[in-house]
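Morning, everyone. Please bring up the sequence and the structure on your screens, and we'll walk through them together.

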Amino acid sequence: MVDLSTSLCGVKLDNPVIPASGTFGFGYEFNDIYDINILGAISIKGTTKEPRFGNPTPRIAECTEGLINSIGLQNPGVDKVISYEIPKLRECYRKPIISNISGFSIEEYVECCQKMNEVKDVDIIELNISCPNVHNGGMSFGTQPENAQGVVEAVRKVTTKPLFVKLTPNVTDIVSIAKACEQGGADGISLINTSQGMRIDLKKRRPIIANKIGGFSGRAIFPIALKMVYQVYDAVKIPIMGIGGVASAEDVVEMMMAGASAVQVGAENLVNPYACRDIINNLPQVMKKYNINSLKDIIGEAHK
């Protein structure tokens, strides 16, 4: 028997596979497709203080081995997520829940995280300072070390739950920002959010996305994400959730060898709603193929 288990700051996961925020709704929607309790954890849809309709449509554009999205943090607001969405998920799901929090000011991040800190069904808070699809928020905090550290320090004061910080790849030095988050009190790092890209409609002769530029995700960004996980693992002492282009059990193993303690699956859920289930089911045979008895043993092994 191979051991698929892992842990994140004391939160035990039966396996390292986690649907990424924004690609799996609030989780319960997928329970009609398969038993979501097979998952290691779920990172629920990004939440802001107030309800958001999101960006104008079109919001999605396909591209080779990936897609461009510009959803714009559409969500019902933190109070509705706490009172309705999380309890509804808990009705059918017994595994760890990760609450993904976005904001447009430090005060908003603090208020949302303070409220989530009181929710017993939330196991981990994922602070999203990396959204490329909203103006004057999200990524503005994640592109400079001092800004990242400032928002993490503020949130750290109001939550005792494990705090992971989700970072953008759209920077010149991801390591300095990850180190600043660690210094600010982060318990872990999530790497990476989407890159940036666009597509042009040749017939209309203008960008397909109404917002013109959106977040580029999918299999094409896997090598970029892997590189950043590898770089940050060497620089910090806190665990990493690897994200970006993960589409197979082999990708999960590769991410963990680069330094990830758990792995989030994003855009692949939009292409194949069974992606996470299939990856989990395939992990044991991939582990046997590469003589891996326990996934915990291979975390960071590529650095040895």
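Where is the place of Gln-285? Gln-285 sits in helix α9, residues 275–289. Keep in mind that this is a predicted model. Is Gln-285 buried or exposed? Gln-285 counts as exposed, because its relative accessibility is 55% and the cut-off for exposed is over 50%. Now find Val-2. Gln-285 and Val-2 are 283 residues apart in sequence. In space, C-alpha to C-alpha, the two are 9.1 Å apart.

Next, the backbone. Most residues other than glycine have a negative phi, and most peptide bonds are trans. Here are some exceptions.

Start with the cis bonds. Thr-57 and Pro-58 are joined by a cis peptide bond, with omega about 0°. Pro-58 belongs to the loop between β4 (42–43) and β5 (60–63). Another cis bond runs from Leu-191 to Ile-192. There, omega is near 5°. Which loop holds Ile-192? Ile-192 is in the loop between β10 (188–191) and β11 (195–197).

Now positive phi. Glu-65 is not a glycine, yet its phi is near 55°. Look for Glu-65 in the loop between β5 and β6 (66–69). Its relative accessible area is 48%, so Glu-65 is partly exposed. Leu-73 is not a glycine either, and its phi is positive, about 60°. Leu-73 is placed in the loop between β6 and α1 (78–90). Is Leu-73 buried or exposed? Leu-73 counts as buried, because its relative accessibility is 12% and buried means under 20%.

On to helix packing. Two packed helices are described by the angle between their axes and the distance between the axes. Our pair is α4, residues 145–156, and α5, residues 174–184. They pack at an angle of about 25°, and their axes are 8 Å apart. So α4 is roughly parallel to α5; the cut-off for that label is under 35 degrees. The crossing of α4 past α5 is right-handed.

Now the surface. Which residues form a nonpolar patch there? Met-198, Ile-200, Leu-202 and Ile-213 do. Together they have about 410 Å² of accessible area. Take Met-198 from that patch. Met-198 lies in the loop between β11 and β12 (200–201). With 38% relative accessibility, Met-198 counts as partly exposed.

Last topic: charge pairs. Side chains of opposite charge can pair when their charged atoms come close. How many salt bridges does a search of the whole structure find? Eleven. I'll show some of them.

First up, Glu-111 and Lys-49. These two form a salt bridge, with the closest N and O atoms 3.2 Å apart. This pair links distant parts of the chain, 62 residues apart. Glu-111 is in helix α2, residues 106–117, and Lys-49 is in the loop between β4 and β5. Glu-111 has a relative accessible area of 26%, so Glu-111 is partly exposed. Lys-49 is also partly exposed, at 31%. Lys-49 and Glu-111 belong to a network of salt bridges that also links Asp-79 and Lys-115.

Now Arg-90. Asp-121 forms a salt bridge with Arg-90, the closest N and O atoms being 3.1 Å apart. Asp-121 lies in the loop between α2 and β8 (124–128) and Arg-90 lies in helix α1, so this pair ties together parts that are 31 residues apart in sequence. Asp-121 is buried, with a relative accessible area of 18%. Arg-90 counts as partly exposed, at 23% relative accessibility.

Asp-123 is in the loop between α2 and β8, with Arg-90 in helix α1, so parts 33 residues apart in sequence are tied together. Asp-123 has a relative accessible area of 25%, so Asp-123 is partly exposed.

Lys-49, Asp-79, Glu-111 and Lys-115 make up the network. That's my tour.

Technical notes:
Residues are numbered from 1 along each chain as its sequence is written. This is a predicted model: local features need pLDDT of at least 70, side-chain atom pairs count only at pLDDT 80 or more; totals for chains, interfaces and linings use all residues. Side-chain values use heavy atoms; hydrogens and water are left out. Helices (H or I, at least four residues) and strands (E, at least two) are DSSP runs, numbered from the N terminus. Buried means under 20% relative accessible area, exposed over 50%, partly exposed in between (1.4 Å probe, protein chains only). Patches are made of residues with over 30% relative accessible area and no salt bridge: like charges are joined within 9 Å, nonpolar side chains (Val, Leu, Ile, Met, Phe, Trp, Tyr) within 5 Å. Accessible areas come from the Shrake-Rupley method with a 1.4 Å probe; for residues, only the protein chains shown count as cover. A salt bridge is a side-chain nitrogen of Lys or Arg within 4 Å of a carboxyl oxygen of Asp or Glu. Axes are lines fitted to C-alpha atoms, for helices over the stretch in contact, and angles run from 0 to 180 degrees between N-to-C directions. Angles under 35 degrees count as roughly parallel, over 145 as roughly antiparallel, 65 to 115 as roughly perpendicular and the rest as oblique. A crossing is left-handed if the near helix is turned anticlockwise from the far one by less than a right angle, and right-handed if clockwise.
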